[in-house]
Amino acid sequence: MVLPLQTFGQVNFANAQLGDKRRTNRLVQLADSMARRPSGTLPQKFNSPKDLRAFYRLMDRDQVTHEAILASHREATCHKIKQIRGPVLILHDATELDFTNHKSLSDDMGQIGNGNRRGYIAQNSLAVNPKTRQVIGLCNQVLHHREDAPKDELTAQKRKRESRESRLWLRGADPLANSEKLVDVCDRGADTFEFLEHELASGRRFVIRASHNRAIIPGHGDQGSSDQACYLRNYAASLPPAGHWTLSVTSKVDKKVRVRKGKKKSANRRAREAKMAVSFAPVQIKPPAKKLGEHGNDPLAVWVVRVWEEDPPAGEERLEWFLITNQPVLDFEDAYQVVGWYECRWIIEEYHKGMKTGCSIESPQFTSEERLQPAIALISVVALTLLQMRDASRRWDAKKRKATEVICSDYVSVLSAWRHGQIKPDWSIHDFYYALARLGGHQNRKSDHPPGWQTIWRGWNDLQAMLCGVDAMKIVKRCGQT
């Protein structure tokens with residue numbers, strides 16, 4: 001017996017607890033509609049006035065909250081994680097959601113940017129399979145209000161303040177299971193002694209990019225000695241390389257100019273093959289002399305992994321990371337694995353682009369936070385759809401797997417007819433994805449890089465318009481007009 005494929009809404013929201021089963025069914029239907037047309041404003045997402053009114057009514061219910069919507073998706077994500085063998089990465093990062101132009105909400109929102117704009121800091125925790133680099137789902141999302149710090153606030157008072165922004169890393173990780181299967185991956189903002197101590201006690205593994213040149217003791221336990229105190233970066237830079245590999249570095253063009261040590265430096269980068277080296281060592285991080293967070297006074301036993309480009313071309317900035325991890329690193333293979341985990345961190349940056357550029361998450365015009373926040377939760381989950389489709393197109397079986405296993409058959413029919421002049425129901429997901437990229441302006445030449453995020457969104461929006469045209473023609477034919 002072949003079971004019917006579940007829709008996007010059924011997978012993610014069938015178990016949502018909204019106080020009434022009819023509300024849950026409505027959420028499932030609306031999620032499916034939004035997933036079919038994720039870009040643009042709410043009237044563009046729901047081009048049917050009936051669906052738009054239903055969405056507004058649903059968001060107006062007291063039981064429909066940010067947590068109620070996110071909890072159902074989180075449950076589905078945890079179920080998928082259990083089916084995966086091996087480690088699963090949880091990528092943590094924050095992005096700003098700008099609602100400055102929502103005048104009715106301006107008094108309720110926190111500062112963002114340079115302090116003149118208003119909105120949320122959204123702390124997201126995204127589950128990713130490190131073997132395939134496929135996105136699994138959203139494990140958590142915290143919508144944070146940045147508050148004005150009290151004048152003359154003492155260090156001890158700031159440390160205890162619940163709204164302290166450095167607590168976001170802990171709040172983002174709190175709902176996660178205490179399992180070694182999960183690996184928390186964070187950028188430099190998470191490099192606080194408070195969070196490092198929290199992670200060591202969590203039962204999970206972690207990889208955090210070092211931001212501070214912390215005081216350390218080389219070695220673990222009896223291997224270390226308090227009279228050997230030195231600093232993390234200096235010590236790691238003194239270690240000999242344990243192995244090498246070649247990394248393909250893509251070009252980057254940035255019109256902005258960075259200023260470093262009083263000198264202007266271009267952010268442009270040329271494509272190149274970089275020779276990378278890695279070193280590692282066990283260390284104990286000493287607690288800071290000035291306690292900024294809530295933590296103990298014992299050193300933290302971790303490993304430091306340094307990865308760097310040995311001979312960068314003239315005029316190019318050296319690639320270099322210092323990583324802190326509790327994953328034992330005993331040889332080159334262990335170090336290379338830790339580096340590979342951290343390299344997956346860029347996926348959450350693409351996800352944030354999808355939320356804001358692709359799904360226009362900052363566009364809903366609600367007049368209260370109670371209605372805006374559940375809408376943010378729903379759009380945040382919908383933003384995963386094209387990222388997951390891209391992942392499916394890069395799988396080893398992408399050229400054999402039918403596109404209709406991932407995409408609605410109507411989409412496959414219309415896009416294949418546009419590309420080849422005939423409907424191809426047996427199209428693979430690889431065929432579909434690259435035709436979608438072609439629709440968005442990608443040339444699909446062998447020398448071209450894989451299609452980027454914005455190219456796919458352009459193709460998807462054009463495909464939506466084509467689907468609307470097909471639906472309109474069906475109505476015309478039913479009316480007997482040709």
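Predicted model: local features only at pLDDT ≥ 70, side-chain atom pairs only at ≥ 80, totals over all residues.
With a relative accessibility of 6%, His102 counts as buried, where buried means under 20% relative accessible area, exposed over 50% and partly exposed in between (1.4 Å probe, protein chains only). Residues are numbered from 1 along each chain as its sequence is written, and side-chain values use heavy atoms, with hydrogens and water left out.His102 sits in the loop that links β1 (88-98) to β2 (110-112); helices (H or I, at least four residues) and strands (E, at least two) are DSSP runs, numbered from the N terminus. Leaving aside residues up to four places away in sequence, His102 touches Glu362, Ser363, Pro364, Gln365 and Phe366, with contact taken as heavy atoms within 4.5 Å. A polar atom of the His102 side chain lies 2.6 Å from the backbone oxygen of Pro364.

Ser360 belongs to the loop between α11 (346-358) and α12 (369-382). Ser360 is not a glycine, yet its phi is positive, at about 50 degrees. Its relative accessibility is 19%, so Ser360 counts as buried. Arg133, another non-glycine residue, has a positive phi of about 60 degrees and is found in the loop between β3 (117-129) and β4 (134-144). Arg133 counts as partly exposed because its relative accessibility is 29%. For background, most residues other than glycine have a negative phi.

On the strand side, β14 (residues 320-325) pairs with β6 (residues 205-209) through 3 bridges, and the two run antiparallel; pairing here requires that DSSP finds at least two bridges between the strands. Ile208 has Ile324 of β14 as its bridge partner. Strand β13 (residues 300-309) also pairs with β14 in the antiparallel sense, over 6 bridges, and Val305 has Leu323 of β14 as its bridge partner.

Then there is a helix pair. Helix α13 (residues 384-394) packs against helix α15 (residues 429-439) at an angle of about 125 degrees, with the axes 8 Å apart. Axes are lines fitted to C-alpha atoms, for helices over the stretch in contact, and angles run from 0 to 180 degrees between N-to-C directions. That makes α13 oblique to α15, given that angles under 35 degrees count as roughly parallel, over 145 as roughly antiparallel, 65 to 115 as roughly perpendicular and the rest as oblique. From α13, the contact is made by Met389, Arg390, Ala392 and Ser393, and from α15 by Ile429, His430, Phe432, Tyr433 and Leu436.

Terms used: Polar contact = N/O pair within 3.5 Å; in protein donor to acceptor, adjacent residues only side chain to side chain.
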